[in-house]
Amino acid sequence: MPRKKSEDFVPHPRYGDEPRLSGLNPKEDWLTGDVYLHWHSPTEVRVPNTAIAANTARQHRPTIAVTHYFDSRRRCVDCRQSFLFFAAEQKYWYEVLGFPLESNCVRCVPCRKKQRGLEAQRQRYEDLFEIEDRTADQDIELVESALTLVAAGVFGTRTLERMRSILKRAEPHRKLEGLWQRLCEIELSQQVGSPQ
């Protein structure tokens with residue numbers, strides 16, 4: 001069955017960019033308790049015939065165990081592109097990694113990787129910031145981290161003022177000129193983007 005243009009999904013490196021048909025399409029049955037489907041995959045986002053059975057014993061302390069996972073259509077909160085939260089991926093999240101069933105996938109894989117990179121960058125910034133007597137190389141790395149985080153919108157423009165003062169007192173370094181240029185470009189882009 002060919003996909004419509006509106007159903008182009010961001011590719012997942014392991015599962016691809018098309019629903020994975022299993023032929024299984026259980027309907028929720030609260031009366032018998034035989035089938036419970038995940039709250040974050042209501043009927044309108046579930047891809048029919050993509051269900052796989054869950055191992056409820058492996059789910060992390062669920063209030064109500066989910067008996068089946070479906071591929072489900074999502075829109076990334078960052079890039080706004082459509083992606084699939086695959087049934088097999090859900091099984092891995094909830095049964096292998098031990099994520100609670102309340103965890104929800106809101107970003108496509110490229111945006112998740114970017115988010116993890118920013119979190120690691122922020123942690124590195126905070127570690128460097130806490131060092132009282134930083135070396136010249138540590139100062140440079142601190143400024144690089146801060147500029148990346150400001151450009152990504154994690155930090156506000158006040159951070160640029162602090163980084164400017166660090167650069168002013170920095171010892172000569174091969175990266176210094178590039179950092180000044182990058183700082184100025186970020187300040188300019190912030191000014192252009194702000195309302196007058």
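Helix H1 (87-96) has several buried residues: Ala87, Glu89, Gln90, Trp93, Tyr94 and Glu95. Here, buried means under 20% relative accessible area, exposed means over 50%, and partly exposed lies in between, with a 1.4 Å probe and protein chains only. Helices (H or I, at least four residues) and strands (E, at least two) are DSSP runs, numbered from the N terminus. The buried residues of H1 pack against E1, strand E2 (68-69), strand E3 (72-75), E4 and H2. Just after H1 comes Gly98, with a positive phi of about 80 degrees.

A word on the model itself: it is predicted, so local features need pLDDT of at least 70 and side-chain atom pairs count only at pLDDT 80 or more, while totals for chains, interfaces and linings use all residues. Residues are numbered from 1 along each chain as its sequence is written, and side-chain values use heavy atoms, with hydrogens and water left out.

## The largest pocket

On a 1 Å grid over the protein atoms alone, a pocket is an open set of points where a 1.4 Å probe fits, with protein on both sides within 12 Å along at least five of seven lines; lining residues have an atom within 4 Å of a point. The largest pocket has a volume of about 410 Å³, where volume is the space filled by probe spheres set on the points, and points are joined across faces, edges and corners. Of its 18 lining residues, Glu89, Trp93, Val109, Arg112 and Arg116 are the closest to the centre. H1 and helix H2 (109-129) each supply at least two residues of the lining, and H2 gives the most, with six residues. Sorted by class, the lining holds eight nonpolar, three polar and seven charged residues. In this sorting, Ala, Val, Leu, Ile, Met, Phe, Trp, Tyr, Cys and Pro count as nonpolar, Asp, Glu, Lys and Arg as charged, and the others, Gly among them, as polar.

## Ring pairs

A pair of aromatic rings is described by the distance of the centres and the angle of the planes. Rings of Phe, Tyr and Trp (its six-membered ring) pair if their centres lie within 6.5 Å; planes under 30 degrees apart count as stacked, over 60 as edge-to-face and the rest as tilted.

| Pair | Centre to centre | Between the planes | Kind |
|---|---|---|---|
| Tyr15 and Phe86 | 5.4 Å | 40 degrees | tilted |
| Trp93 and Phe99 | 5.0 Å | 70 degrees | edge-to-face |

## Nonpolar cores

In soluble globular proteins, nonpolar side chains tend to be buried together. A nonpolar core is a set of buried Ala, Val, Leu, Ile, Met, Phe, Trp, Tyr and Cys residues joined through side-chain atoms within 4.5 Å. The largest such core has 20 residues, of which Tyr125, Val143, Leu147 and Met163 touch the most other members. H2, helix H3 (136-151), helix H4 (158-168) and helix H5 (176-193) each supply at least two residues of this core, and H3 gives the most, with seven. Apart from this core lies another, of 14 residues, among them Val66, Tyr69, Phe83 and Cys108.

Contact means heavy atoms within 4.5 Å. Leaving aside neighbours within four places in sequence, Val143 is in contact with Met163, Ile166, Leu167 and Leu179.

Arg124 is found in helix H2 and is partly exposed, at 32% relative accessibility. Beyond its neighbours within four places in sequence, Arg124 is in contact with Glu141 and Ser145.

Arg46 sits in the segment before E1 and is buried, at 15% relative accessibility. Arg46 and Arg73 are 27 residues apart in sequence and 6.5 Å apart in space, C-alpha to C-alpha.

Most residues other than glycine have a negative phi. Asn49, in the segment before E1, has a positive phi near 65 degrees. Arg80, in the loop between E3 and E4, has a positive phi of about 70 degrees.
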